[in-house]
Amino acid sequence: MTLLNCKNDSEKVVSKPSNDTEIHFKNQFKRGGIKDSIASISFDLASEQNSKRNYSKAKPLYEKANQIEPNNKIILNALGDVSADLKNYNDCISYFEKSLQVDSTYSITYMNFGTAYNKLLKFEKSIEILKKGLEFENNRERKGYFYYNLANSYYKKKDYKMSTEFNNKALEIVKEPAVREDIIELKNVLSELKN
């Protein structure tokens with residue numbers, strides 16, 4: 001599921017193709033995340049394609065943005081994410097690692113990297129990455145996304161107690177309706193497992 005939240009200069013795409021939450025921000029030129037206006041236009045076009053799950057169209061646009069403005073943590077993060085969606089996991093890991101080399105405190109890369117490890121079925125690694133990213137996250141709503149993704153990782157590794165604990169934390173915080181809906185759905189599944 002993908003959701004586009006339009007707010008002046010900070011459109012946010014929250015994408016959940018694997019029941020994990022991923023975040024991408026558009027209009028990075030206005031927000032100051034991408035310095036070159038042409039790179040930002042390519043990035044925004046790529047994010048639009050990504051939100052429609054047109055990953056094979058999104059990746060070359062992200063690559064173009066990366067050629068114009070190399071070593072940008074936001075662009076590298078997006079390339080890691082789209083590579084995971086295209087199931088090119090070697091590229092995915094490489095791009096996420098490069099993004100974290102540029103800025104080891106960029107929490108959004110940790111969130112998307114943890115989600116990628118869930119797609120790889122490497123739940124322990126996903127949990128490790130998500131917990132590390134949570135240390136750098138200051139935004140309350142996004143902390144809730146981290147808790148939900150952790151709940152999802154624990155659920156997938158059949159640790160229902162920890163899944164319930166993190167899912168309840170997410171439910172207390174998250175306001176975004178589409179993400180909240182998934183949190184409630186996981187809560188219901190976990191409740192059935194207890195019975």
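Ile68 is partly exposed, with a relative accessible area of 32%; on this scale buried means under 20%, exposed means over 50%, and partly exposed lies in between (1.4 Å probe, protein chains only). The place of Ile68 is helix H3, where helices (H or I, at least four residues) and strands (E, at least two) are DSSP runs numbered from the N terminus. This is a predicted model, in which local features need pLDDT of at least 70, side-chain atom pairs count only at pLDDT 80 or more, and totals for chains, interfaces and linings use all residues. Residues are numbered from 1 along each chain as its sequence is written, and side-chain values use heavy atoms, with hydrogens and water left out.

**Salt bridges**

- Side chains of opposite charge can pair when their charged atoms come close.
- A salt bridge here is a side-chain nitrogen of Lys or Arg within 4 Å of a carboxyl oxygen of Asp or Glu, and by this rule the count comes to 6 salt bridges.
- One of them pairs Asp91 with Lys59, with 3.2 Å between the closest N and O atoms. It links distant parts of the chain, as Asp91 sits in helix H5 (residues 89–102) and Lys59 in helix H3 (residues 55–68), 32 residues apart.
- Within that pair, Asp91 is partly exposed at 29% relative accessibility, whereas Lys59 is buried at 10%.
- Lys119 and Asp85 also meet through their side chains, at 2.5 Å from N to O. This pair too links distant parts of the chain: Lys119 belongs to helix H6 (residues 107–119) and Asp85 to helix H4 (residues 73–85), 34 residues apart.
- Both partners are buried, Lys119 with a relative accessible area of 19% and Asp85 with 12%.
- Lys157 bridges to Glu124, the closest N and O atoms being 2.1 Å apart. Here Lys157 lies in the loop between helix H8 (140–156) and helix H9 (160–173), while Glu124 lies in helix H7 (residues 123–136), 33 residues apart.
- Lys157 is partly exposed, at 31% relative accessibility.

**Around Ser83**

- Ser83 is in helix H4 and is buried, with a relative accessible area of 0%.
- Its side chain makes a polar contact with the side chain of Lys59 at 3.4 Å. Such a contact is a pair of N or O atoms within 3.5 Å; within protein, one must be able to donate a hydrogen and the other to accept it, and residues adjacent in sequence count only if both atoms are side-chain atoms.
- Leaving aside neighbours within four places in sequence, Ser83 is in contact (heavy atoms within 4.5 Å) with Lys59, Asn88, Asp91, Cys92 and Tyr95.

**Positive phi**

- Most residues other than glycine have a negative phi.
- Lys87, in the loop between H4 and H5, has a positive phi near 60° and is exposed at 61% relative accessibility.
- Leu121, in the loop between H6 and H7, has a positive phi of about 65° and counts as exposed at 61%.
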